[in-house]
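Please consult the sequence and structure shown here.

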Amino acid sequence: MNYSVAEIKDEQRWEAFMQEQRPHTFLHSWKWGLQYEHSGSKIFRLGVYRAEQLMAVALLIKINARRGAFLLCPHGPTVARDADAAGILKVLVEELLNIGQRERCDFIRICPLQPVTEKSLYASLGFRPAPIHMHPELSWLLDITKDEETLLKEMRKTTRYLIKKSEKDRIEITMRTDPEAMEDFWKVYKATADRQHYTPFSKSYLKQEFDLFAKDNQAAFFFGTYQGTIIAASIIIFYNGSAYYHHSGSLQIFPHLNASSLLQWRAIQEAKRRGCTLYNFWGISPDNKPKHPWAGLSLFKKGFGGFPEEYVHAQDLPLTKKYWLNFAIETFRRLKRGL
């Protein structure tokens, strides 16, 4: 089949295609491109066409790092269901090579939201497994089309107990979108990062992300409060029929309390009210890595019931020799973090 590649400049055209495919991500939305564009990154929104029919879209972000510049395709490209994925990707990669060389990039990195069984497709196009992953490649999802009684019944016993206990402890869960909410969230989020020793996103980055989605009622803060003190907080994104548990934090001021379980349950209930069919808990650790840094958080997420969804590992297409310096640095960082 004959395919052509062209830049997409119409948000409605892009989002209409995404609505038809409904991939389990918001990282390929039009707004996610704006998130990076507003941060000063150069972005490209490409469409692959068969005649006049749009068959695939690819959001590309140019990342300028000291270890090398590269094009990143987050949780994409998104290819139409039952389409000729091999033929589409071949034409798309040719265009990516043109952009990468024109932009003086050292490599191209794509993070496909495709089943792990399709990894051979990328090897045939010259890609190799990346030394790290950029976005979740193993996610935990919950079907929330079931009634609330069934959802509670299918939770782990401990999770269900903590929800009921939090209600008895009079923990209040509130949903907010007011400007002051970011300040309240940041205090909890930053304290959590300091306690768990990870590098947080900047406040400006989080605010920009929240504002982009909140303007169309696609984002909300959830806070867990006890006796007037916020002890848990989350940002939930609502996009394309799914709710996403994206950023969160908690304080250990009251060790005998657990507000996070009730907070998640209230977010799930809100997602149901909005007509979502899936609640996406985002990334989890593999079962065969009990010492993984995410192991504890993964156990928490799985307590709500649900199922895993695994995607093809991030794939790199080297363009210059500098790629191998990046490969060495990222491999070292991965091993140091125990991932």
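Is Cys105 buried or exposed? Cys105 is buried, at a relative accessible area of 3% (buried is under 20%, exposed over 50%, partly exposed in between, with a 1.4 Å probe and protein chains only). The model is predicted, so local features need pLDDT of at least 70 and side-chain atom pairs count only at pLDDT 80 or more, while totals for chains, interfaces and linings use all residues. Residues are numbered from 1 along each chain as its sequence is written, and side-chain values use heavy atoms, without hydrogens and water.

**Cysteines**
- The structure holds 0 disulfides (pairs of cysteine sulfur atoms within 2.5 Å).
- For Cys105, the closest cysteine sulfur belongs to Cys73 and lies 13 Å away, too far for a bond.
- Cys111 is likewise in no disulfide, with the sulfur of Cys73 nearest at 7.5 Å.
- Cys111 is buried, its relative accessible area being 4%.

**Overall fold**
- The chain contains 11 helices and 15 strands (DSSP runs numbered from the N terminus: H or I of at least four residues, E of at least two).
- Its radius of gyration is 21 Å, close to the 20 Å from the globule rule for 339 residues, so the chain is as compact as a globular protein of that length (C-alpha atoms; the rule is 2.2 Å times the number of residues to the power 0.38).
- The C-alpha atoms fill a box of roughly 60 × 40 × 40 Å along the principal axes.

**Burial**
- Of the 339 residues of the chain, 51% are buried.
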